[in-house]
Amino acid sequence: MFQKMQEGEINACWIICTNPVATVANRKNVIAGLQAADLVITQDAFFDTETNRYADLMLPGALWSEAEGVMINSERNLTLMQKAVHPPGEAMPDWQIIARVACEMGFAPAFTYDSSADVYLEIQQAWNPKTGYDIRGASYERLRETPWQWPCAPSSVNDRNPIRYLNTGVSQQLRENEDGSRPRVVFATESGKGVFLARPFLPPSEMPDDEFAFVLNTGRLQHQWHTLTKTGKITMLNKLNPGPFLEIHPEDAQALGISDKDRVEIRSRRGSAILPAIVTDRVRPGNCFAPFHWNDVFGEKLAINEVTNDATDPISFQPEFKFCAVSLARAAEKAPAEQTPSPGERTPVLSGAAAVKSAQKEEVYMTKVDTLATMLGIESPASLSLESHEKLYLAGFMTSLRTDDARSASGVPVLPPTAPLEPAKKYWLDGMLAGMFSRTYLPDAERAWTPSPAPAAQAETNRAQVTILWASQTGNAEEAAHECAKKLQAAGRSIRIKSMDAFALDELSSERCVLIVASTFGAGDPPDNGTSFWQALQAENAPRLPELCYAVLAFGDSSYDLFCGFGRNLDARLEQLGARRLRDRLDCDTDTREQVDVWLNSISWTAEPGNSASVETAHSAAAVLISHETETAAATEASISMARTYDRNRPLRTCMLSSRRLSREGSEKDTRHYVFDLKNTGLHYEVGDALGVWPSNCPELVKELLDTTGLPPSALVTVNDRQMPLEEALLRHVEIARIPPGVLQFLQERSGSETLGQLLKKENKAELKKWLQGRQLIDLLQQFPAVLNAEQLIGLLKPLQPRLYSISSSSKVNSDEVHITVSTVRYQFNGRIRKGVCSTFLAERIKPEEEVSIFVQKSAHFRPPAHPDVPMIMVGAGTGVGPFRGFLQERQTAGAKGKNWLFFGEQRSEYDFYFKDELEAMRDSGILHRLSTAFSRDQQEKLYVQHRMREHGEELWAWLQDGAHFYICGDASRMAAEVEEALKQIIQQHGSMTRPDAESYVKEMAKSKRYARDVY
């Protein structure tokens, strides 16, 4: 066919669901035919295939799971495959595309079908009594119940018919012998008997000769299929077959000077390919094998069908894939920039000029190294001589360096003091390790080098390295940890900083000085990135830590129960394990920057003999090692640049561009979409970050407070060392809605209330919490009047804090804007309207074009997958859909190919389907592959996102098996916990795991950054 296309006999072709450029032998012939044709149409479910690159027109076909139809296998089993998901965008089943084109071409009477059932019904009529082909009885109705095996006549009662040629006169013509007997089985031949067609041996059309001395065999691998469009996306399969290869026998490899992983050029009379060698006796001498899966999508010179022979058998017309004559030769080594391709990865190949340039760079580099060695008086050392026990130890050490954890970690590996090597050998090996590994990217220039101390100050080098471990939900504790790192570095300390989820508990035993910086989430719980560390620390087998000295910097909000609960728990547990406290824990409420500085400066990290907190020096103060496992270098650089311009203490004053109500009339909610102007401001954000908004308090509430207390608005008070009128302080500087803990005690003492006295007893904490629900400060002051002056009132109140909202946009779509989605808080208490501080500030008091103070709060843990091909599952309830709008915008703009699945939940679909048009447009365009909604009030029994997840549990598990990342955004108290529970149940059920195994699976997802939450 392709030859006739070259010759002009065929002018157009329509290629459906196949990839001949990647699979047909002697592909140059295929490519030449496609290039010569006037019109090439391809129809496929996958966009980037080798053949699609030669198409004039591409038609989007649906996958089998996106359409309904009957499939048949070689055992004659007919199975009705029912549609599982809607095809994306304009994709449709192959039959529908063919039928529509035929109708447009004037063949409507023969190609007008309403469904695949109509097409199948027509095929059912093609009964052949001579051969016994009969599917008349396998109707759609029957196939919906179970698969059927043909032949099956309309009267058939058995769905299994394993014997093909039964002589019953039902599906095939009845045959009687001359004597009147009826054979049980009659083949579809003239005699009624089976006929074996004897084939003479035909040698291959191309035999080895002096020029092409080897036989090439090709085929598919056990764990991969065709051109990797599906199996190539399975991480587990890719580990088994990470890339292309050529298998060659050891005898041939030795004769050709080829070793394992050498690049080998395979050349035939048709073309050539270059593949890495695997030397193995799986192939015979004189033979070689290369799989055909890898092709142009994965790199240049990988297509083995460039080499294979397109000769065909004269009777069966099968191509001669399994045999062609080739020559083998060791190819030039790869340039350093080249990588071995793997499924889903494209790898550019350096041109000859680039390879020469690379070799020149290598020569210049080695010259510099030689010059440095000469200047330092260092001669080239002989090879290191090791004893047997030293070799054994280092073999284990190198094995650890090959693990996934070691490869993904940054920093320089060093031999521990306990290594069984002589000091001189240890120095030599540590130097080699430093030279090989000390290339970690350091985003902050000031962190890159700390000068060695002068001789007069040599005693100062007797300082221990300080390891800073942090855990943070919103970024405040993370920011504080990095500020501490900068201050300690400026003082000459050697610093190592890690998030808790990137730190193995086993490492804690070898640490000497650790600074813990941790926030508290929920009811005294750890943040997401501190959970696994805390669970390990709590375990019965947690290591004793008698050599560890530590200090804990805890962050929390004193208006909540269990203030700084996680920091307190860490402090207590470390003490239980024998660690020694360097300084009493500091519990930080809001706005405590100066307090932290004083506390940090008061800690003595110096090793002093006899000091109970002394530690042995591990490294010189000149050695600086910073590790950032929790964020990419680019994100860090961007966040540092941003922090130098705007932060919570130096916010950006900018205009609100728009305020759009998302919930419709009739909704119980007032949910809004806000847009702020960033044009020419230099403020940068990433999807997943939060936007901090500084509100002011409600003027009506300020007036109500002043009227209730009887205090004059003009009374002077001091806030942050600045005098101002009481009214201004209440309006802009202190929290007047929340009830601070000290207010209850103050009012009880002043009013003598027995009710408050009873509620404040320790045993009544739960009752107090329930009693406080819905109450604000004004309600307390009105219920329990007390005489107090202006300074006393301000002294009882906490500083006004910014509110953080998940960003609902992508800066890659429009860097001049930032969007947030906010549900306005309004409710009634004792017949009076109560309001949320910031949500009503935005909804009621800020109009478009009015200025607001904002800043970006970095959230490095909550990001879309770094690789664009990785699938993504997002679960967002209410305004939790916001960040996922940004995720999808980002992927759409970047052209990411990874599948996306959004679960969205709210009260009513008619009123509360936020961003409905946008999300449905994304679904129709193919960027959002699945959109599963749960509207709790649309039916009698409430339905939530976790219920939808369970409904689609099998498919959700399949996505996870494909490497999907899983995200939650929404309410922390119930929604997030119930979604996580549903996730664990799905993994347990569909992954056939025990409950502990499912929990371990989720922990591993979180550890590998495949599971992230943005909850509030």
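**Reading the strands, a helix pair and one glutamate**

In this predicted model, 6 strands close into a barrel in the order β7-β11-β8-β10-β9-β12, with mixed pairing. Neighbouring strands of this sheet are turned by 45 degrees against each other on average, ignoring direction.

User: What makes β8 and β10 a pair of strands?

Analyst: Let's look at the bridges. Strand β8 (residues 246–248) and strand β10 (residues 272–279) are joined over 3 bridges, in the parallel sense. Two strands pair if there are at least two bridges between them, so β8 and β10 count as a pair. Within this pairing, I248 stands opposite V279 in β10.

User: How do you know that β5 pairs with β4, and what joins β5 to β6?

Analyst: Take β4 to begin with. Strand β4 (residues 69–72) and strand β5 (residues 77–81) run antiparallel and are joined by 4 bridges. The cut-off is at least two bridges, so this is a pair. For I72, the bridge partner in β5 is L78. On to β6: 2 bridges join β5 to strand β6 (residues 148–149), again antiparallel. That meets the cut-off of at least two, so β5 and β6 count as paired. Here L78 has W148 as its bridge partner in β6.

User: Which residue in the hairpin of β4 and β5 takes a positive phi?

Analyst: That is R76, with a phi near 70 degrees. This hairpin has 4 residues between the strands.

User: Why is α32 called oblique to α33?

Analyst: Compare the angle with the classes. The axes of helix α32 (residues 975–990) and helix α33 (residues 995–1007) come within 9 Å and cross at roughly 120 degrees. Roughly perpendicular covers 65 to 115 degrees and roughly antiparallel starts over 145, so an angle between those two ranges is oblique. That is why α32 is oblique to α33. The crossing of α32 and α33 is right-handed.

User: Which residues make the contact between these helices?

Analyst: From α32 they are E981, L983, K984, Q985, I987 and Q988, and from α33 they are R995, A998, E999, Y1001, V1002 and M1005. Sorted by class, the contact of α32 with α33 has 6 nonpolar, 2 polar and 4 charged residues.

User: Where does E306 lie, and why does E306 count as buried?

Analyst: E306 lies in the loop between β11 (287–291) and β12 (324–330). Its relative accessibility is 14%. Buried means under 20%, so E306 counts as buried. Leaving aside neighbours within four places in sequence, E306 is in contact with R27, K28, S268, R270, G271 and S272.

Terms used
Residues numbered from 1 in each chain as written. Predicted model: local features only at pLDDT ≥ 70, side-chain atom pairs only at ≥ 80, totals over all residues. Heavy atoms only, no water. Buried < 20%, exposed > 50% of the residue type's maximum accessible area, 1.4 Å probe, protein only. Contact = heavy atoms within 4.5 Å. Axes fitted to C-alpha atoms, helices over the stretch in contact; angles between N-to-C directions. Parallel < 35°, antiparallel > 145°, perpendicular 65-115°, else oblique. Left-handed = near helix turned anticlockwise from the far one by under 90°. Nonpolar A, V, L, I, M, F, W, Y, C, P; charged D, E, K, R; others polar.
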